[in-house]
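Subject: Structure handover

Hi,

Here is the structure you asked about. Please open it alongside this email; my notes follow below.

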Amino acid sequence: MNSPKVFLCAVRAAMDPRSESAVAWPANRAPAIKLLTASRGAEFLQGRVGGRRHGSDSLRCRVAAPNIAQVRGRALSGGHWPPPRPWAAAVGAGLPLHPWGPSGIGDDKVMGSPRRDPPQAVQAATAAPAGSCVDAFARPAPSPPILAPVERGFERAPAERPHRKWPMGTGFKKGGPPKAETQTPDTCPIQPHLHKACQTPAKMPSIADEFDYKLDHVKTTSVSSGDIDKTFRSSCIDLVSAALGGKVLAFSDQWFAEAANLLTPTAPIHQPGKMVFTGAWFDGWETRRHNADFDWVVIRLGVASGTVEGIEIDTAFFTGNYAPAVSVEGCFSANDDEVVSWQGGRGKWETILGVEECGPSQRFGWKLDSPSGKQYTHVRLNMYPDGGIARFRLFGHAVPVFPDDKDAVFDLAAAQNGGVAVSCSDQHFGTKDNLLLPGRGKDMGDGWETKRTRGKDHVDWAIIKLGAPGYVHKFVADTAHYRGNFPQKVAIQALSWKGQGEPGDKDAAWQEVVAPTKMGPDAEHELACASDKTAFTHVKLIMIPDGGVKRLRAFGRRAV
């Protein structure tokens with residue numbers, strides 16, 4: 001029996017490794033049956049070494065490849081064929097088999113002949129590129145896929161195989177199989193569901209769909225946890241910070257942890273193993289389980305009113321009990337009682353942040369794409385449906401209520417009057433934003449403090465943008481609670497900035513308004529301004545060489 005070289009035809013090479021039904025079908029006289037294989041299926045078939053199945057439909061062959069492997073498969077046998085002819089499956093695109101016979105496979109024999117001819121598979125094999133996966137038995141579209149990607153590779157999906165007559169003829173024409181043509185995944189007609197280009201991701205349902213209380217859609221940009229501070233801290237203040245005067249007015253529940261913790265200006269802490277009456281102690285706001293609706297907390301801003309630029313939600317140390325999603329609403333009202341009476345209802349709330357999903361123990365930030373500039377006095381933080389949040393930050397700008405008297409003297413640098421600490425040289429132990437808070441603080445933790453320095457002629461600095469351009473009469477540098485780490489001296493510079501962005505510390509426009517002056521521990525130091533006839537927009541506090549300052553005041557009148 002004369003046997004031609006046999007090549008890999010369209011094979012169902014990708015299959016369940018637990019199955020014994022690796023199917024292969026032979027090359028007939030079709031003009032272009034290419035040698036194709038699924039990459040992961042080929043790896044599997046190359047690993048299938050061992051005995052052959054018994055019966056008239058069994059075969060065993062040897063592949064002429066760099067890594068010689070015995071491949072076991074099942075030929076399509078029986079049917080309209082005069083004498084028995086050889087059929088086999090080879091692994092790898094374009095790998096020829098040794099000729100059948102004693103010199104090729106030893107005493108292995110193949111019984112049977114083909115009986116089914118899927119002509120569309122022949123056409124597919126002609127069109128598909130080498131190295132792709134072709135289903136020899138796929139029906140014309142739309143048919144259920146026979147090969148489906150799964151986590152462990154390719155497994156067979158159930159499908160009915162059509163039975164058809166196989167045309168007469170044997171082997172390839174002279175010259176072997178033609179070269180593969182190039183096709184792109186989006187043009188390949190064979191099982192496009194295997195290609196990412198053909199996949200359309202299904203839209204995931206939002207947690208907001210589960211609640212009847214609907215909010216307006218607000219366009220935002222997500223801010224990564226590492227970029228939150230540099231995105232907001234140089235141009236905004238935390239409008240709800242407890243240090244600024246933010247206050248919780250009402251809440252739906254605070255069984256496990258108090259809602260007031262949301263407004264703590266410092267970062268959350270963790271005390272593993274600490275238990276209280278209600279359970280494990282958490283530094284944040286945590287409510288009971290199994291809430292049928294959503295939990296909420298009403299907060300009054302620490303300023304007269306403010307505009308919002310962005311939001312931060314920190315779920316630090318809340319892992320199995322974090323809030324799955326949040327939203328934020330705001331209103332403008334002079335009546336706290338009226339706002340509290342709305343509780344979890346609609347009231348006069350307006351959407352600031354739509355429903356956004358959160359995760360365990362992480363900082364989440366959102367920047368409003370188009371801040372409305374609308375002023376708010378109160379906000380409501382909603383948590384869907386329950387859980388825990390460590391911190392809530394509402395970044396924006398204070399809208400101060402200035403005195404009607406244009407000659408009135410007040411603190412132009414105070415955060416409540418619109419002052420913002422825009423940059424500093426260092427804030428290792430205490431942030432620059434603390435300089436502008438009301439009061440004298442409670443300890444060293446709520447001031448501006450830098451790390452120790454060893455170099456000569458070192459100075460630390462912080463730049464503050466005044467709430468309104470004005471004429472400064474005097475400054476007050478307060479070193480409250482800094483008893484062993486106050487700066488040796490303090491100097492102050494000022495300028496009137498009209499450029500883009502914010503001024504740098506080396507800008508030539510800075511002028512000295514307070515010469516270096518010796519400081520002392522735990523005291524308020526009044527410093528006269530040398531240029532009280534010039535309107536300034538920014539001031540720069542300089543510590544020589546380093547240390548801590550609790551507050552900086554800039555008393556003056558507005559330039560109107």
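Which residues lie nearest the centre of the largest pocket? They are R233, P265, T266, T431 and N434, out of 38 residues that line the pocket. Please keep in mind that this is a predicted model.

**The pocket**

The largest pocket holds about 970 Å³ of space. Domain 1 (210-399) and domain 2 (410-558) each supply at least three lining residues. Several strands contribute too. β6 (237-238), β12 (306-314), β18 (391-398) and β20 each give at least two residues to the lining.

For background, rolling a probe the size of a water molecule over the atoms shows where empty space is left.

Beyond its neighbours within four places in sequence, N434 contacts G445, D446, G447, W448, K550 and R551.

**The cores**

In soluble globular proteins, nonpolar side chains tend to be buried together. In this model, the largest nonpolar core has 73 residues. I311, L381, F392 and F475 have the most contacts inside this core. Strand β22 (residues 460-478) provides the largest share, 8 residues. Where does this core lie? Domain 1 (210-399) and domain 2 (410-558) both give residues to it, so the core lies between them.

Take F392 as an example. Leaving aside neighbours within four places in sequence, F392 is in contact with D238, V240, L262, I299, I311, E312, I313, V328, V379 and L381. Two of these partners, I311 and L381, are also named among the core residues with the most contacts.

There is also a second, separate core of 12 residues. A250, W296, V298 and C331 are among its members.

**The chain as a whole**

The chain has 560 residues, and 49% of them are buried. It contains 5 helices and 28 strands. Take the contacts between residues at least 6 apart in sequence: 80% of them join residues at least 24 apart.

**Backbone points to check**

Most residues other than glycine have a negative phi, and most peptide bonds are trans. Some places in this model depart from that pattern.

- Y384 and P385 are joined by a cis peptide bond, with omega about -20 degrees. P385 is in the loop between β16 (378-384) and β17 (388-389).
- The bond from I544 to P545 is also cis, with omega near -10 degrees. P545 is in the loop between β26 (535-544) and β27 (548-549).
- Q343 is not a glycine, yet its phi is positive, at about 45 degrees. Q343 sits in the loop between α5 (336-342) and β14 (350-357). With a relative accessible area of 46%, Q343 is partly exposed.
- D522 also has a positive phi, near 50 degrees. D522 is in the loop between β24 (511-518) and β25 (524-528). At 31% relative accessibility, D522 counts as partly exposed.

Best wishes

Definitions and conventions: Residues are numbered from 1 along each chain as its sequence is written. This is a predicted model: local features need pLDDT of at least 70, side-chain atom pairs count only at pLDDT 80 or more; totals for chains, interfaces and linings use all residues. Side-chain values use heavy atoms; hydrogens and water are left out. Contact means heavy atoms within 4.5 Å. On a 1 Å grid over the protein atoms alone, a cavity is a set of points where a 1.4 Å probe fits but cannot get out, and a pocket is an open set with protein on both sides within 12 Å along at least five of seven lines; lining residues have an atom within 4 Å of a point. Grid points are joined across faces, edges and corners, and a volume is the space filled by probe spheres set on the points. Helices (H or I, at least four residues) and strands (E, at least two) are DSSP runs, numbered from the N terminus. Domain bounds come from an automatic or database domain assignment. A nonpolar core is a set of buried Ala, Val, Leu, Ile, Met, Phe, Trp, Tyr and Cys residues joined through side-chain atoms within 4.5 Å. Buried means under 20% relative accessible area, exposed over 50%, partly exposed in between (1.4 Å probe, protein chains only).
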